[in-house]
Amino acid sequence: MLSLVIPVYKNEENLPRLFRELEALAERFPDALEVVFVVDGSPDASLQILRAHLPTWPVRTQLVELSRNFGSFSAVAAGLRYGRGEYFAMIAADLQEPPELVLEFYRLLKSDEADVVFGHRTGRADAWFSQLLSEWFWSVYRRFVLRDMPKGGIDVFGCTRQVRDELLALKELNTNLIALLFWLGFRRTFVPYERRARLEGRSAWTMAQKFRYALDSVFSFTDLPIKALLLLGAIGTAAACVASATVFVVWSLGRIPVLGYTPLMLVISFFGGLTALGLGIIGQYLWLSLQNGRSRPSFVVRSAWAAESQRRHEDSGEPEP
(Lines give C-alpha, C1' and ligand atoms only; values in the text may rest on other atoms or scores of the structure.)
Protein backbone atom coordinates (compact mmCIF):
# COMPACT_ATOMS: atom_id res chain seq x y z
CA MET A 1 0.00 0.00 0.00
CA LEU A 2 1.07 3.58 -0.63
CA SER A 3 0.16 6.27 1.90
CA LEU A 4 -0.40 9.63 0.25
CA VAL A 5 0.08 12.53 2.69
CA ILE A 6 -1.75 15.80 1.98
CA PRO A 7 -1.30 18.77 4.34
CA VAL A 8 -4.38 20.98 4.49
CA TYR A 9 -4.31 24.67 5.37
CA LYS A 10 -6.86 27.17 4.03
CA ASN A 11 -7.92 24.76 1.30
CA GLU A 12 -11.70 24.62 1.69
CA GLU A 13 -12.21 25.84 -1.89
CA ASN A 14 -9.82 23.21 -3.26
CA LEU A 15 -11.29 20.19 -1.46
CA PRO A 16 -14.22 19.33 -3.84
CA ARG A 17 -11.90 19.10 -6.86
CA LEU A 18 -9.27 17.36 -4.77
CA PHE A 19 -11.77 14.64 -3.82
CA ARG A 20 -12.67 14.07 -7.47
CA GLU A 21 -9.06 13.86 -8.66
CA LEU A 22 -8.08 11.51 -5.84
CA GLU A 23 -11.03 9.22 -6.62
CA ALA A 24 -9.86 9.05 -10.23
CA LEU A 25 -6.32 8.36 -9.02
CA ALA A 26 -7.50 5.55 -6.73
CA GLU A 27 -9.29 3.86 -9.64
CA ARG A 28 -6.07 3.85 -11.67
CA PHE A 29 -3.88 2.75 -8.78
CA PRO A 30 -2.49 -0.78 -9.26
CA ASP A 31 -2.55 -1.63 -5.52
CA ALA A 32 -3.98 -0.24 -2.31
CA LEU A 33 -3.96 3.52 -1.80
CA GLU A 34 -4.38 5.33 1.50
CA VAL A 35 -4.85 9.10 1.72
CA VAL A 36 -3.73 10.80 4.94
CA PHE A 37 -5.16 14.31 5.32
CA VAL A 38 -3.36 16.45 7.91
CA VAL A 39 -5.24 19.60 8.91
CA ASP A 40 -2.53 22.00 10.02
CA GLY A 41 -4.58 24.27 12.31
CA SER A 42 -6.51 25.60 9.31
CA PRO A 43 -8.73 28.57 10.30
CA ASP A 44 -11.30 27.95 7.55
CA ALA A 45 -13.88 25.16 7.19
CA SER A 46 -11.43 22.56 5.79
CA LEU A 47 -11.66 20.33 8.87
CA GLN A 48 -15.47 20.40 8.92
CA ILE A 49 -15.64 19.56 5.21
CA LEU A 50 -13.27 16.61 5.63
CA ARG A 51 -15.14 15.29 8.65
CA ALA A 52 -18.42 15.41 6.76
CA HIS A 53 -17.12 13.94 3.51
CA LEU A 54 -14.62 11.25 4.46
CA PRO A 55 -16.94 8.74 6.27
CA THR A 56 -18.72 7.99 2.96
CA TRP A 57 -15.75 8.55 0.66
CA PRO A 58 -14.83 5.40 -1.32
CA VAL A 59 -11.06 5.88 -0.83
CA ARG A 60 -9.25 4.50 2.22
CA THR A 61 -8.29 7.47 4.34
CA GLN A 62 -7.08 8.89 7.63
CA LEU A 63 -7.72 12.36 9.06
CA VAL A 64 -5.13 13.89 11.37
CA GLU A 65 -5.82 17.22 13.08
CA LEU A 66 -2.91 19.19 14.55
CA SER A 67 -3.51 21.30 17.65
CA ARG A 68 -2.38 24.48 15.85
CA ASN A 69 -0.59 25.62 12.73
CA PHE A 70 2.89 24.09 12.85
CA GLY A 71 3.83 24.60 9.20
CA SER A 72 3.73 22.49 6.07
CA PHE A 73 6.81 20.38 6.81
CA SER A 74 5.58 19.50 10.29
CA ALA A 75 2.21 18.53 8.84
CA VAL A 76 3.89 16.27 6.29
CA ALA A 77 5.97 14.66 9.05
CA ALA A 78 2.78 13.99 11.04
CA GLY A 79 1.16 12.38 8.00
CA LEU A 80 4.23 10.22 7.40
CA ARG A 81 4.09 9.03 11.02
CA TYR A 82 0.43 8.03 10.78
CA GLY A 83 0.69 6.45 7.32
CA ARG A 84 0.39 2.65 7.29
CA GLY A 85 1.78 1.87 3.85
CA GLU A 86 5.04 0.35 2.72
CA TYR A 87 5.53 3.34 0.45
CA PHE A 88 4.81 7.03 1.00
CA ALA A 89 4.25 10.14 -1.06
CA MET A 90 3.07 13.69 -0.52
CA ILE A 91 1.40 16.33 -2.65
CA ALA A 92 -0.17 19.70 -1.85
CA ALA A 93 -3.91 20.12 -1.46
CA ASP A 94 -4.04 22.98 -3.98
CA LEU A 95 -3.44 20.50 -6.85
CA GLN A 96 -0.66 22.55 -8.42
CA GLU A 97 1.20 19.25 -8.59
CA PRO A 98 -0.71 16.72 -10.72
CA PRO A 99 -1.84 13.67 -8.68
CA GLU A 100 -0.68 11.45 -11.56
CA LEU A 101 2.83 12.00 -10.22
CA VAL A 102 1.96 9.59 -7.40
CA LEU A 103 1.52 6.76 -9.91
CA GLU A 104 5.03 7.26 -11.24
CA PHE A 105 6.42 7.59 -7.71
CA TYR A 106 4.82 4.27 -6.78
CA ARG A 107 6.06 2.52 -9.92
CA LEU A 108 9.65 3.57 -9.31
CA LEU A 109 9.57 2.70 -5.61
CA LYS A 110 7.88 -0.68 -6.01
CA SER A 111 10.21 -1.71 -8.84
CA ASP A 112 13.12 -0.98 -6.47
CA GLU A 113 14.63 1.53 -8.86
CA ALA A 114 14.97 4.11 -6.08
CA ASP A 115 14.41 4.68 -2.38
CA VAL A 116 13.41 8.32 -2.80
CA VAL A 117 11.62 9.87 -5.79
CA PHE A 118 11.46 13.64 -6.16
CA GLY A 119 9.04 15.59 -8.32
CA HIS A 120 11.25 17.97 -10.29
CA ARG A 121 9.60 21.20 -11.49
CA THR A 122 10.48 21.96 -15.10
CA GLY A 123 8.04 24.88 -15.32
CA ARG A 124 5.51 26.70 -13.21
CA ALA A 125 2.32 28.65 -13.97
CA ASP A 126 2.98 31.36 -11.36
CA ALA A 127 3.28 35.13 -11.45
CA TRP A 128 6.46 36.38 -13.09
CA PHE A 129 7.80 37.93 -9.87
CA SER A 130 7.27 34.68 -7.96
CA GLN A 131 8.99 32.74 -10.75
CA LEU A 132 11.91 35.17 -10.73
CA LEU A 133 12.43 34.88 -6.96
CA SER A 134 12.13 31.09 -7.10
CA GLU A 135 14.64 30.74 -9.94
CA TRP A 136 17.10 33.05 -8.20
CA PHE A 137 16.81 31.27 -4.85
CA TRP A 138 17.18 27.75 -6.25
CA SER A 139 20.13 28.74 -8.45
CA VAL A 140 21.94 30.16 -5.40
CA TYR A 141 20.91 27.16 -3.29
CA ARG A 142 22.22 24.70 -5.88
CA ARG A 143 25.51 26.55 -6.17
CA PHE A 144 26.32 27.05 -2.50
CA VAL A 145 24.25 24.58 -0.41
CA LEU A 146 22.95 21.46 -2.21
CA ARG A 147 24.57 20.87 -5.58
CA ASP A 148 22.30 17.86 -6.26
CA MET A 149 19.14 19.98 -6.04
CA PRO A 150 17.47 20.27 -9.48
CA LYS A 151 17.31 23.65 -11.14
CA GLY A 152 13.59 24.19 -10.64
CA GLY A 153 13.44 23.08 -7.02
CA ILE A 154 11.36 20.37 -5.37
CA ASP A 155 8.05 20.41 -3.49
CA VAL A 156 6.82 16.78 -3.63
CA PHE A 157 8.38 13.38 -3.12
CA GLY A 158 7.82 9.67 -2.57
CA CYS A 159 9.87 7.28 -0.45
CA THR A 160 10.06 3.81 1.05
CA ARG A 161 9.18 2.97 4.64
CA GLN A 162 12.87 2.74 5.54
CA VAL A 163 13.52 6.28 4.34
CA ARG A 164 10.37 7.44 6.17
CA ASP A 165 11.63 5.92 9.42
CA GLU A 166 15.07 7.52 9.06
CA LEU A 167 13.51 10.88 8.23
CA LEU A 168 11.21 10.84 11.27
CA ALA A 169 14.18 9.91 13.47
CA LEU A 170 15.65 13.36 12.69
CA LYS A 171 13.74 15.44 15.22
CA GLU A 172 14.58 18.94 14.05
CA LEU A 173 12.64 22.20 14.09
CA ASN A 174 12.84 25.04 11.56
CA THR A 175 14.35 22.88 8.86
CA ASN A 176 13.79 21.87 5.25
CA LEU A 177 12.26 18.42 4.83
CA ILE A 178 13.41 18.09 1.22
CA ALA A 179 16.99 19.00 2.12
CA LEU A 180 16.89 16.43 4.94
CA LEU A 181 15.97 13.76 2.40
CA PHE A 182 19.01 14.78 0.36
CA TRP A 183 21.14 14.67 3.50
CA LEU A 184 19.96 11.12 4.25
CA GLY A 185 21.20 9.93 0.90
CA PHE A 186 19.78 6.60 -0.38
CA ARG A 187 19.11 5.92 -4.04
CA ARG A 188 17.13 8.76 -5.56
CA THR A 189 15.63 9.67 -8.89
CA PHE A 190 13.63 12.56 -10.31
CA VAL A 191 10.32 12.81 -12.16
CA PRO A 192 9.84 16.02 -14.18
CA TYR A 193 6.48 17.81 -14.19
CA GLU A 194 4.92 21.16 -14.99
CA ARG A 195 3.52 22.94 -11.97
CA ARG A 196 -0.09 23.84 -12.67
CA ALA A 197 -1.87 27.11 -11.94
CA ARG A 198 -3.94 27.31 -8.79
CA LEU A 199 -7.62 27.37 -9.79
CA GLU A 200 -9.34 27.92 -6.44
CA GLY A 201 -8.50 30.19 -3.53
CA ARG A 202 -5.28 32.00 -2.78
CA SER A 203 -2.01 30.60 -1.52
CA ALA A 204 -1.38 30.94 2.22
CA TRP A 205 2.36 30.87 1.49
CA THR A 206 3.20 34.51 2.29
CA MET A 207 6.38 36.37 1.40
CA ALA A 208 7.43 36.34 5.07
CA GLN A 209 7.02 32.55 5.19
CA LYS A 210 9.03 32.17 1.98
CA PHE A 211 11.80 34.31 3.46
CA ARG A 212 11.88 32.24 6.65
CA TYR A 213 11.88 29.05 4.58
CA ALA A 214 14.86 30.34 2.62
CA LEU A 215 16.77 31.19 5.81
CA ASP A 216 15.98 27.81 7.40
CA SER A 217 17.03 26.02 4.22
CA VAL A 218 20.40 27.77 4.25
CA PHE A 219 21.29 27.92 7.95
CA SER A 220 20.27 24.31 8.64
CA PHE A 221 22.51 22.78 5.99
CA THR A 222 25.58 24.90 5.49
CA ASP A 223 28.05 27.00 7.45
CA LEU A 224 28.84 29.05 4.36
CA PRO A 225 27.71 32.40 5.90
CA ILE A 226 30.01 31.77 8.89
CA LYS A 227 32.91 30.83 6.61
CA ALA A 228 32.27 33.97 4.54
CA LEU A 229 32.37 36.07 7.72
CA LEU A 230 35.58 34.33 8.83
CA LEU A 231 37.20 34.96 5.45
CA LEU A 232 36.00 38.55 5.43
CA GLY A 233 37.41 39.04 8.92
CA ALA A 234 40.77 37.60 7.92
CA ILE A 235 40.94 39.81 4.82
CA GLY A 236 39.77 42.81 6.82
CA THR A 237 42.40 42.25 9.51
CA ALA A 238 45.16 41.93 6.90
CA ALA A 239 43.91 45.05 5.10
CA ALA A 240 43.75 46.91 8.44
CA CYS A 241 47.38 46.06 9.15
CA VAL A 242 48.44 47.35 5.73
CA ALA A 243 46.31 50.49 6.08
CA SER A 244 47.61 51.11 9.58
CA ALA A 245 51.20 50.83 8.41
CA THR A 246 50.47 53.20 5.53
CA VAL A 247 48.79 55.78 7.75
CA PHE A 248 51.64 55.57 10.27
CA VAL A 249 54.28 56.12 7.56
CA VAL A 250 52.36 59.07 6.10
CA TRP A 251 51.99 60.54 9.60
CA SER A 252 55.72 60.09 10.26
CA LEU A 253 56.46 62.11 7.13
CA GLY A 254 54.23 64.91 8.39
CA ARG A 255 51.71 64.56 5.59
CA ILE A 256 48.67 64.35 7.92
CA PRO A 257 47.90 67.80 9.32
CA VAL A 258 44.66 66.85 11.11
CA LEU A 259 45.27 66.09 14.78
CA GLY A 260 43.91 62.78 16.02
CA TYR A 261 43.31 61.38 12.54
CA THR A 262 46.11 58.82 12.69
CA PRO A 263 45.22 57.08 15.98
CA LEU A 264 41.53 57.14 15.06
CA MET A 265 42.12 55.42 11.73
CA LEU A 266 44.48 52.90 13.31
CA VAL A 267 41.92 51.92 15.94
CA ILE A 268 38.98 51.72 13.51
CA SER A 269 40.87 49.69 10.91
CA PHE A 270 42.41 47.24 13.34
CA PHE A 271 39.43 46.57 15.58
CA GLY A 272 36.99 46.49 12.65
CA GLY A 273 38.87 43.63 11.04
CA LEU A 274 39.48 41.96 14.40
CA THR A 275 35.75 42.05 15.24
CA ALA A 276 34.76 40.36 11.99
CA LEU A 277 37.49 37.77 12.46
CA GLY A 278 36.39 37.08 16.03
CA LEU A 279 32.74 36.72 15.03
CA GLY A 280 33.74 34.24 12.34
CA ILE A 281 35.75 32.15 14.80
CA ILE A 282 32.96 32.18 17.38
CA GLY A 283 30.48 31.30 14.64
CA GLN A 284 32.49 28.21 13.74
CA TYR A 285 32.31 26.96 17.32
CA LEU A 286 28.58 27.72 17.50
CA TRP A 287 28.06 25.83 14.24
CA LEU A 288 29.79 22.76 15.65
CA SER A 289 27.67 22.97 18.81
CA LEU A 290 24.54 23.30 16.67
CA GLN A 291 25.47 20.26 14.62
CA ASN A 292 25.89 18.20 17.79
CA GLY A 293 22.67 19.60 19.24
CA ARG A 294 20.70 18.49 16.18
CA SER A 295 21.66 14.89 16.97
CA ARG A 296 21.84 13.87 13.32
CA PRO A 297 23.48 10.46 13.10
CA SER A 298 27.04 10.24 11.82
CA PHE A 299 25.91 7.64 9.25
CA VAL A 300 22.75 6.02 7.86
CA VAL A 301 22.74 2.35 6.82
CA ARG A 302 20.63 1.39 3.83
CA SER A 303 21.36 -2.37 4.04
CA ALA A 304 23.79 -4.79 5.66
CA TRP A 305 24.86 -8.30 4.63
CA ALA A 306 27.11 -10.98 6.04
CA ALA A 307 27.90 -14.47 4.73
CA GLU A 308 26.31 -17.21 6.82
CA SER A 309 29.50 -19.31 6.90
CA GLN A 310 31.49 -16.39 8.23
CA ARG A 311 28.83 -15.63 10.81
CA ARG A 312 28.84 -19.23 12.08
CA HIS A 313 32.62 -19.18 12.55
CA GLU A 314 32.39 -15.82 14.34
CA ASP A 315 29.70 -17.17 16.70
CA SER A 316 31.64 -20.40 17.47
CA GLY A 317 35.00 -18.74 17.81
CA GLU A 318 36.53 -21.19 15.28
CA PRO A 319 39.01 -19.92 12.72
CA GLU A 320 37.73 -19.48 9.15
CA PRO A 321 38.70 -22.30 6.72
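Predicted model: local features only at pLDDT ≥ 70, side-chain atom pairs only at ≥ 80, totals over all residues.
Contact here means heavy atoms within 4.5 Å. Leaving aside residues up to four places away in sequence, Phe157 touches Val76, Leu80, Phe88, Ala89, Met90, Phe105, Val117, Phe118, Leu177, Ile178 and Leu181.

Phe157 also belongs to the largest nonpolar core, which has 70 residues. Along with Leu2, Leu4, Ile6, Leu22 and Phe37, Phe157 is among those touching the most other members of that core.

## Where α3 meets α6

Now for the helices. Helix α3 covers residues 72-82 and helix α6 covers residues 161-169; their axes sit 10 Å apart, at an angle of about 130 degrees. The two are therefore oblique to each other, and their crossing is left-handed.

Which residues do the touching? From α3 it's Ala77, Leu80 and Arg81, and they meet Arg164, Leu167 and Leu168 from α6. Sorted by class, that contact has four nonpolar residues, two charged ones and no polar ones.

## Where α6 meets α7

α6 also packs on helix α7 (residues 177-184), at an angle of about 115 degrees and with the axes 10 Å apart. That makes α6 roughly perpendicular to α7. This crossing is right-handed.

On the α6 side, the contact uses Val163, Glu166 and Leu167, while α7 brings Leu177, Leu180, Leu181 and Leu184. By class, that's six nonpolar residues, one charged and no polar.

Technical notes:
Residues numbered from 1 in each chain as written. Heavy atoms only, no water. Axes fitted to C-alpha atoms, helices over the stretch in contact; angles between N-to-C directions. Helix = DSSP H or I, 4+ residues; strand = E, 2+ residues; numbered from the N terminus. Parallel < 35°, antiparallel > 145°, perpendicular 65-115°, else oblique. Left-handed = near helix turned anticlockwise from the far one by under 90°. Nonpolar A, V, L, I, M, F, W, Y, C, P; charged D, E, K, R; others polar. Core = buried A, V, L, I, M, F, W, Y, C linked by side-chain atoms within 4.5 Å. Buried < 20%, exposed > 50% of the residue type's maximum accessible area, 1.4 Å probe, protein only.
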